[in-house]
Amino acid sequence: MLTLGIETSCDETAVALVEDGRLRGEKLATQVDMHALFGGVVPEIASREHLRVLPRLYRELMAETGVDRADVDAVAVARGPGLLGSLLVGVSFAKGLCLATGASLVGVNHLWAHLLAPGLSGELHFPALGLLVSGGHTHIYLISSPSEFELLGRTLDDAAGEAFDKVAKILNFPYPGGRFIDDLGREAEPDTTLFPRPYIDNPTLDFSFSGLKTAVANHVAAHPDLVFDTMADADAVAALEGRRRAALSTVCASFNWSVADTLRIKVERALKRVGKVKSLIVAGGVAANSMVRETMRTVAGENGLVLTLPDLALCTDNGAMIAYAGWRLASAGFSHGLDLEAIPRGRVVPLDWAVPAGEGKP
Ligand code: KG4
Ligand code: ZN
């Protein structure tokens with residue numbers, strides 16, 4: 001089965017083709033430089049860019065893979081959560097294609113797709129504990145199958161990636177700054193007394209990262225010589241030297257440790273609570289973080305679990321993960337009608353597929 005995936009939920013426009021679980025081709029255009037001027041994603045600019053770029057990416061993907069549009073069996077589209085105007089561009093495009101070609105339509109939960117993405121490069125083992133750490137979300141799920149996700153814990157305020165980006169902004173690093181904190185932090189040992197591990201002294205599986213951001217802001221206010229005066233570019237970060245580089249590296253490593261260790265505590269707590277699972281899946285942009293990857297490797301090892309991590313290119317938003325998640329659903333007969341709704345951030349994505357009676361799970 002050949003599935004086209006379409007991703008337009010935030011600031012990446014992406015399309016991909018997955019055939020029988022394997023990636024045949026993908027195209028991606030990021031808007032990150034445009035939004036960097038404003039220090040965050042501007043929704044109206046994002047939707048206009050999707051509208052401008054998506055038809056071209058689709059044509060290029062079909063030309064480069066040599067696929068005829070009539071050969072596409074299913075069109076999978078990220079239907080939420082995300083920016084509503086941006087989602088509507090992808091959802092409308094997908095519906096138009098299905099009307100024109102007769103392909104079946106399947107709406108994909110963007111968050112679930114992040115967690116299923118590693119299936120493109122290796123086997124997924126269910127039941128799994130899933131940790132999604134992205135720019136917009138920090139969720140812990142019990143995943144029984146590609147269509148059965150139970151939300152166990154979530155952030156009450158900032159997402160993990162948002163915490164990285166906001167701390168990077170305080171330090172005047174380029175946007176989005178998670179990667180710069182990761183890179184610089186690798187040059188120093190974390191000072192584990194510098195910043196708190198937020199919201200761990202409670203029995204919940206929820207997160208709260210906003211206080212950690214304030215702790216970094218207070219530290220920086222007391223050491224104003226640490227930060228750049230205006231927003232630095234990548235060259236300025238690379239050119240940092242001497243004591244200032246060392247001190248800033250320690251701040252980055254320590255903040256990174258506070259996030260990674262908080263994630264560890266909640267994941268270990270979740271594992272105790274859910275009982276037997278076969279694997280730990282970690283996904284989303286922050287799954288690209290070296291300390292988070294290392295920490296989760298240790299957690300999985302100590303609990304006898306298979307650790308499933310996406311390749312670095314599959315961590316941030318992409319079309320391949322939508323095509324793959326859509327292929328898992330569509331090949332099991334799951335589909336949506338042309339009344340498929342786009343779901344903005346803050347609303348729960350409904351389980352409103354048509355499911356074939358008596359069929360197996362995806
Ligand atoms: O999953 P994603 O593309 O966004 C959403 O769907 O929300 O993740 C983007 C987030 C940004 O906050 C970015 O700073 C963060 O992932 N990120 C990182 C790293 N690479 C990307 N955070 C920490 N360390 C990294 N290496
Ligand atoms: Zn995402």
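This is a predicted model: local features need pLDDT of at least 70, side-chain atom pairs count only at pLDDT 80 or more; totals for chains, interfaces and linings use all residues.

Leaving aside its neighbours within four places in sequence, which residues is E7 in contact with? You'll find E12, T13, A14, A78, H110, D317, N318, G319, M321 and I322.

E7 itself belongs to strand β1, and with 0% relative accessibility it counts as buried.

**Next stop: the zinc ion**

Follow H110 to ligand 2, a zinc ion. Its coordinating atoms come from H110 (NE2), H114 (NE2) and D317 (OD), at 2.0 to 2.1 Å. Along the sequence, those donor residues follow the spacing H-x3-H-x202-D. Why is the arrangement irregular? The four donor atoms subtend angles of 94 to 137° around the zinc ion, and a tetrahedral call needs all angles between 85 and 135 degrees.

Now colour helix α4, residues 110–116. H110 and H114 sit four residues apart in this helix, so about one helical turn separates them. In an α-helix, residues three or four places apart point the same way, because there are 3.6 residues a turn. Both of these histidines are buried.

**Zoom out: the sheet**

Show the strands as cartoon. Five of them form an open sheet with mixed pairing, in the order β3-β2-β1-β4-β5. The edges are β3 (22–30) and β5 (104–109); each has a single partner strand, so one side of each has no neighbour in the sheet. From one strand to the next, the twist averages 20°.

One pair to click on is A76 and its bridge partner in β5, V106.

Helix α2 (residues 43–65) lies across β1, β2 and β3, at about 25° to β2. Helix α3 (residues 84–101) lies across β1, β4 and β5, at about 160° to β4.

**Last stop: helix α6**

Select residues 178–185. Six of the eight are buried, so α6 is largely enclosed by the rest of the structure. The buried ones are G178, F180, I181, D182, L184 and G185. To see what they pack against, bring up α5 (160–170), α8 (234–238), α9 (242–274) and α10 (290–302).

Methods. Residues are numbered from 1 along each chain as its sequence is written. Chains are lettered from A and ligands numbered from 1 in the order in which they are written. Side-chain values use heavy atoms; hydrogens and water are left out. Donors are N, O and S atoms within 2.8 Å of the metal (3.2 Å for Na, K and Ca); water is not among the atoms, so sites may look incomplete. Four donors count as tetrahedral if all angles lie between 85 and 135 degrees; four count as square planar and six as octahedral if opposite donors are over 155 degrees apart and all others between 65 and 115; anything else is irregular. Helices (H or I, at least four residues) and strands (E, at least two) are DSSP runs, numbered from the N terminus. Buried means under 20% relative accessible area, exposed over 50%, partly exposed in between (1.4 Å probe, protein chains only). Two strands pair if DSSP finds at least two bridges between them. Axes are lines fitted to C-alpha atoms, for helices over the stretch in contact, and angles run from 0 to 180 degrees between N-to-C directions. Contact means heavy atoms within 4.5 Å.
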